[in-house]
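Me: I am new to this structure and would like to learn how to read it. Please take me through it one feature at a time.

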There are 2 protein chains.
Amino acid sequence: MAEQIHLNAFTLACPSPQFWGAWKLPNDESAEGFLSLDYWIKFAGILERGKFDALFFADTMGVSDVYGGSEAAALRNGVFAPAIDPTILIAALAGRTSHLGFAVTFATSHAPPYHAARLFSSLDHVTKGRVAWNIVTSTSKVNEANGLGPVVPHDERYDIADEYLEVCYKLWEQSWEDGALRLDREAGVLADPDGVHRINHRSEHFSVRGPHQTPPSPQRTPFLYQAGGSPRGMAFAGHHAEAVFLGMQSPDRVREMVDTIRGNAAAAGRDPKAVKILMGFRCLVGESERDVRLRRAEMEASSSAEAALAMYGYWTGHDLGSTPDGVKLGDLASNDFASIAKSSVLVDNRGDATVGDLKAAIARDGNAIHFAGTARQVADQMEELIACGLDGFNIVTGPVPAGYEEVVDLLVPELQRRGLYRSGYRETVLRERYLGKGQKRLRPDHPGARFRRR
Amino acid sequence: MAEQIHLNAFTLACPSPQFWGAWKLPNDESAEGFLSLDYWIKFAGILERGKFDALFFADTMGVSDVYGGSEAAALRNGVFAPAIDPTILIAALAGRTSHLGFAVTFATSHAPPYHAARLFSSLDHVTKGRVAWNIVTSTSKVNEANGLGPVVPHDERYDIADEYLEVCYKLWEQSWEDGALRLDREAGVLADPDGVHRINHRSEHFSVRGPHQTPPSPQRTPFLYQAGGSPRGMAFAGHHAEAVFLGMQSPDRVREMVDTIRGNAAAAGRDPKAVKILMGFRCLVGESERDVRLRRAEMEASSSAEAALAMYGYWTGHDLGSTPDGVKLGDLASNDFASIAKSSVLVDNRGDATVGDLKAAIARDGNAIHFAGTARQVADQMEELIACGLDGFNIVTGPVPAGYEEVVDLLVPELQRRGLYRSGYRETVLRERYLGKGQKRLRPDHPGARFRRR
């Protein structure tokens with residue numbers, strides 16, 4: 001039997017993220033629901049019924065102001081705003097599920113590592129070991145404008161994040177010995193001071209003495225996700241990530257990225273197979289080809305070019321709204337062109353492609369439904385990608401949660417029939433689900449494990 | 001009928017805080033439970049059965065190292081550590097209750113105001129308007145040692161906090177117009193950009209442009225608690241606090257403090273009666289005098305002098321563990337003496353009182369059961385204090401949650417019989433419970449209200 005794959009649902013704590021426009025469909029519940037607990041509880045329940053690994057919360061702070069030089073496009077289309085803080089939802093959802101994991105995005109740039117370490121230890125306790133941290137390092141002009149810290153050059157951000165992770169590993173892995181939470185009523189010892197240690201960390205950016213305030217949680221270190229696509233980001237992932245999340249790629253590119261990530265892991269002294277690689281994609285699953293055709297037409301009719309352009313502005317910092325559509329990409333100022341050129345893979349590589357061509361291509365790409373089909377058709381496409389070395393998928397569908405009910409009711413049984421997917425949960429701790437029974441804590445070959453006390 | 005009083009339960013997300021030693025009693029559930037959701041859900045359910053206003057979470061980051069120059073005393077006795085992050089519990093508890101409010105302590109020193117504003121808007125949404133922010137400004141050497149920001153002189157901390165609150169008010173009250181979250185499917189407008197505004201805040205310590213990322217929550221600004229006891233702290237409270245929390249005081253001192261706080265509120269242009277004043281106390285309620293006697297003896301036998309001394313070290317920064325007991329207070333170095341002298345009200349004001357005398361007094365005071373009695377006796381003591389101008393109480397009892405079951409089953413009915421306490425919840429939004437039906441948002445005379453758009 002093939003190794004079984006992993007499935008996450010990808011969301012933000014805002015209406016139907018990434019599947020722009022799905023909130024407008026009549027059977028969407030996300031726009032009315034994203035501010036209420038009931039909506040998230042229903043969503044998590046559907047995923048648990050589908051034996052999903054985890055509900056994955058992306059997050060970003062602030063409202064993007066790049067496209068058109070204002071927040072209008074982001075707000076009108078719900079591009080990462082309006083949103084709430086996802087960290088507050090996790091315990092509530094854990095209390096209504098028993099196996100589903102929860103991945104939470106938290107930036108290493110907005111809060112000190114002591115804060116992050118306490119937050120994730122707390123989440124791991126109340127979820128009984130079902131929490132993952134999606135590590136992001138991003139700082140943007142919007143963050144800076146909102147007093148959330150200065151913009152830091154890309155590679156330096158990862159250098160700082162390496163130090164940040166080291167502080168967290170020491171708090172999680174080194175500060176408290178197992179059993180130091182004694183709860184000895186006779187002796188009057190709640191926690192044994194001899195088993196709780198300062199970490200005395202000093203590095204260029206952080207001085208943290210410890211000890212950690214929270215006793216060891218089931219996983220100690222939360223399961224670690226990361227999604228860096230740049231060379232420095234992929235080196236960081238090779239070092240720290242236990243699961244890496246790629247954007248949608250062609251099979252050839254998947255092979256290449258999988259090789260790079262696993263090579264980086266090996267270079268960091270890790271078993272390359274212990275780094276799980278997931279790909280995000282937007283999909284629609286229908287009961288029949290006719291159903292798929294109608295659903296696709298409905299989705300396409302509700303799609304939003306403006307949302308895609310706001311997203312593009314958020315990711316690249318380039319405002320395509322302030323340049324006339326007729327301008328040729330080749331005539332743009334050279335430094336703008338350098339980074340826009342990366343996106344020009346979206347248009348034919350003719351020298352005479354215009355800003356208008358690029359915008360049309362971004363609108364198509366940003367609203368593309370990567371996989372649309374019956375369960376059998378979508379499962380075939382997933383199998384093709386698994387053959388390239390992927391371990392699983394981050395699924396985006398809409399409307400929410402109805403689109404996920406289709407995935408659970410149609411696609412999941414098809415994957416199960418093929419022996420590709422679990423028929424039930426075997427383990428509760430999230431790391432065990434990825435790395436095998438008994439592997440509740442970091443593997444010994446993970447760089448974080450070397451901070452353990454001997 | 002007298003105006004009805006308010007009752008909160010005071011806790012931290014750690015075992016039996018403030019009622020040191022209660023965790024050792026056989027019917028305590030806090031030591032085994034504080035890391036699990038089930039414990040907190042049970043605790044919240046008991047309070048809702050007792051029609052409590054709110055569950056109040058104090059919080060502090062790090063493990064105090066003052067007493068004896070190490071973390072040993074704090075860890076052994078559970079003085080604010082081990083603990084978890086209380087912010088993650090609120091949604092889970094709101095999902096299992098329908099009226100109980102939740103007050104969360106959050107320091108203005110550890111995270112930027114944009115972060116705090118988003119966090120509290122999120123909590124207020126998922127609780128449907130049941131959240132309060134307990135504003136603290138404290139920075140300590142322990143915070144600093146853990147990379148959570150430098151120690152800032154006392155009065156300057158409040159100056160910074162004034163600016164911090166101004167940023168939050170602008171994000172909560174000014175950034176989003178009512179109705180800007182349009183959810184207009186036909187027009188394709190999720191949020192109306194014309195109704196969402198940047199705040200463009202610039203002051204000495206903060207530059208925050210906005211807009212806020214989260215639409216207006218039921219209360220917009222969470223209900224605001226504060227507990228400063230210093231002159232500058234009480235001025236801050238007069239300006240910002242909607243409920244002020246005092247430590248246990250004598251009736252005369254209560255009168256004096258109530259007058260000061262209400263005077264400060266009037267000076268800030270507010271209706272002095274709109275600032276509610278609550279006092280914290282440790283209590284035991286028994287079914288009979290015999291029961292009270294036995295419970296008191298049991299509690300006293302489990303009390304901990306070391307816990308009280310660790311607490312004293314945490315609050316004052318003075319390590320009484322490193323000075324021999326025989327040293328006279330008058331012989332201590334003058335700067336130490338200046339602040340220790342404040343505590344010497346705990347001992348007779350004889351010039352020859354020793355460090356040993358002071359430690360004994362701190363141990364007594366730190367473990368004192370302020371009110372112990374049958375429901376009738378405790379209610380009498382509460383009435384005496386209400387006559388001094390108090391609006392209610394923050395109750396600490398133990399073991400947890402059994403001690404709160406006694407309060408709910410014995411004391412609450414006695415207060416109800418006297419017409420002092422609600423027999424049922426009338427309103428869901430926390431501010432309405434304090435300020436009256438319809439008062440979901442800041443009163444017009446609250447300084448935060450002047451940041452509203454006209």
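Reply: Start with the naming of elements: helices (H or I, at least four residues) and strands (E, at least two) are DSSP runs, numbered from the N terminus. By that naming, B:Phe80 lies in the loop between H3 and H4 of chain B. This is a predicted model, where local features need pLDDT of at least 70, side-chain atom pairs count only at pLDDT 80 or more, and totals for chains, interfaces and linings use all residues. Residues are numbered from 1 along each chain as its sequence is written, chains are lettered from A and ligands numbered from 1 in the order in which they are written, and side-chain values use heavy atoms, with hydrogens and water left out.

Me: Is B:Phe80 buried or exposed?

Reply: Buried means under 20% relative accessible area, exposed over 50%, and partly exposed in between (1.4 Å probe, protein chains only). B:Phe80 has a relative accessible area of 6%, so it is buried. Its phi is near 65°, a positive value in a residue other than glycine.

Me: Which peptide bond in chain B is cis, with omega about -5°?

Reply: The one that joins B:Ala81 and B:Pro82. B:Pro82 sits in the loop between helix H3 (72-77) and helix H4 (90-94) of chain B.

Me: What is found in the loop between S8 and S9 of chain A?

Reply: A:Arg220 is found there. Its phi is positive, about 55°, although A:Arg220 is not a glycine. With a relative accessible area of 5%, A:Arg220 is buried. A:Pro211 also has its place in the loop between strand S8 (207-208) and strand S9 (223-226), and the peptide bond from A:Gly210 to A:Pro211 is cis, with omega near 0°.

Me: How many helices and strands does chain A have?

Reply: Chain A has 16 helices and 13 strands. For the overall form, the radius of gyration is taken over C-alpha atoms, and the globule rule is 2.2 Å times the number of residues to the power 0.38. Chain A has a radius of gyration of 22 Å, close to the 22 Å from the globule rule for 454 residues, so it is as compact as a globular protein of that length. Of these 454 residues, 62% are buried. The C-alpha atoms fill a box of roughly 75 × 50 × 40 Å along the principal axes.

Me: Which residues does B:Asp53 touch?

Reply: Contact means heavy atoms within 4.5 Å. Not counting residues up to four places away in sequence, B:Asp53 touches several residues, including B:His6, B:Leu100, B:Arg422 and B:Tyr434. B:Asp53 is in the loop between helix H2 (37-49) and strand S2 (54-58), and its relative accessibility is 0%, so it counts as buried.

Me: Where does B:Arg262 lie?

Reply: B:Arg262 lies in helix H9 (residues 251-267) of chain B. Leaving aside neighbours within four places in sequence, its contacts include B:Pro272, B:Lys276 and B:Asp391. B:Arg262 counts as buried, at 11% relative accessibility.
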